[in-house]
Amino acid sequence: MTDRKCELATNLAKVEERISKACAAVGRARSEVTLVVVTKTYPASDVRLLAELGVRHVAENRDQDAAPKAAESADLPLTWHFVGQLQTNKVRSVVGYADFVHSVDRPRLVTSLSMAAVRAERETGCLIQVALDAEDGGRGARGGVAPDGVEELAGLLAEAPGLRPAGLMTVAPLTGPYAGRQQAAFERLVELASDLRAAHPAANMVSAGMSADLEQAVAAGATHVRVGTAVLGLRPGLG
Ligand SMILES: *Cc1c(COP(=O)(O)O)cnc(C)c1O
């Protein structure tokens, strides 16, 4: 094994143990939680090594980086998740490789994604990104719709050709009532997700938790944790 592959294998084993322990602590089966490895800023060669090590779900947050990486990885048995803020001019590219978009947060994005998915003859699973620090009717600083906007977006997704409502996503807020209270934030997301499932039973994904707070997300009931640095290492600069 190359040094890099060893390093990734060691990190993956640590993350796997964290997820297993967090599941065991609250009596959840390990199989209820999917690890999505966030490969942003890291090269396609790392994506390939991760696939060789058994990773099946990867995520990216910028189309400029993701599109070439996904193209280079087209032979790998991977499910691609797009987790970044999404501009409508990137939508056509994103639906070409993303099986899931976690960052749907406005009606206009639903319209664009739908047109692009139909044109590409793809079906895109769409998670609504919830900003738990946004005021009613508003959007969060880092994207996401306020909780009271979830129902409308879910209805639009359910009607949109080429799309299906797949669940909810959040990033633990840095401000507002949930600042520093990740588990409470994730519990609120899980509550909103169960309301969503009442109307759209197949929308059963709850995407929450990153390297620093995956235990809190698993405890709250997340089905997908998005882990970057704990697997790949610290990213240079912002990312
Ligand atoms: C980068 C990123 C992650 C992973 O964050 P880490 O702290 O590196 O684990 C998860 N979700 C989103 C939306 C991201 O942009």
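1. Threonine 41 is partly exposed in this predicted model, because its relative accessible area of 40% falls between the 20% and 50% cut-offs. Threonine 41 sits in the loop that runs from strand S1 (34-38) to helix H2 (44-52). Its backbone deserves a look: phi is near 75 degrees, a positive value in a residue other than glycine.

2. Glutamate 121 also has a positive phi without being a glycine, here about 55 degrees. The residue is placed in the loop between helix H5 (107-120) and strand S5 (124-129). With a relative accessibility of 74%, glutamate 121 counts as exposed, because the cut-off for that class is over 50%.

3. Glutamate 60 belongs to strand S2 (residues 57-60). Is glutamate 60 buried or exposed? It is buried, because its relative accessible area is 0% and the limit is under 20%. The side chain of glutamate 60 has a polar contact, at 2.5 Å, with the side chain of threonine 39. Leaving out residues up to four places away in sequence, glutamate 60 touches Thr39, Lys40, Asp65, Ala66, Lys69, Trp80, His81, Phe82, Val83 and Gly84.

4. One aromatic pair is found in a search of the whole structure. Its members are tryptophan 80 and tyrosine 97, arranged edge-to-face, with 6.5 Å from centre to centre and 80 degrees between the planes. The pair links distant parts of the chain, with tryptophan 80 in strand S3 (residues 79-82) and tyrosine 97 in helix H4 (residues 91-97), 17 residues apart. Both tryptophan 80 and tyrosine 97 are buried.

5. The largest nonpolar core has 67 residues, of which Leu113, Leu168, Val225 and Val231 touch the most other members. For valine 231, the contacts beyond four places in sequence are Leu8, Asn11, Leu12, Val15, Val37 and Leu50. Another core, of nine residues, lies apart from this one and includes Val38, Ala59, Leu127 and Met169. As background, nonpolar side chains tend to be buried together in soluble globular proteins.

6. Which residues surround the ligand? They are Val38, Lys40, Val83, Met210, Ser211, Arg226, Val227, Gly228, Thr229 and Arg235.

7. A polar side-chain atom of arginine 226 is 2.9 Å from a ligand nitrogen atom. Glycine 228 places a backbone N or O atom 2.8 Å from an oxygen atom of the ligand. For threonine 229, a polar backbone atom is 2.8 Å from an oxygen atom of the ligand. The ligand exposes 390 Å² when taken alone, and the protein buries 87% of that area.

8. Alanine 172 is located in the loop between strand S6 (163-169) and helix H7 (182-199). From C-alpha to C-alpha, alanine 172 and valine 130 are 9.9 Å apart in space, and they are 42 residues apart in sequence.

Definitions and conventions: Residues are numbered from 1 along each chain as its sequence is written. This is a predicted model: local features need pLDDT of at least 70, side-chain atom pairs count only at pLDDT 80 or more; totals for chains, interfaces and linings use all residues. Side-chain values use heavy atoms; hydrogens and water are left out. Helices (H or I, at least four residues) and strands (E, at least two) are DSSP runs, numbered from the N terminus. Buried means under 20% relative accessible area, exposed over 50%, partly exposed in between (1.4 Å probe, protein chains only). A polar contact is a pair of N or O atoms within 3.5 Å; within protein, one must be able to donate a hydrogen and the other to accept it, and residues adjacent in sequence count only if both atoms are side-chain atoms. Contact means heavy atoms within 4.5 Å. Rings of Phe, Tyr and Trp (its six-membered ring) pair if their centres lie within 6.5 Å; planes under 30 degrees apart count as stacked, over 60 as edge-to-face and the rest as tilted. A nonpolar core is a set of buried Ala, Val, Leu, Ile, Met, Phe, Trp, Tyr and Cys residues joined through side-chain atoms within 4.5 Å. A residue is near a molecule or strand if one of its heavy atoms lies within 4 Å of it. Accessible areas come from the Shrake-Rupley method with a 1.4 Å probe; for residues, only the protein chains shown count as cover.
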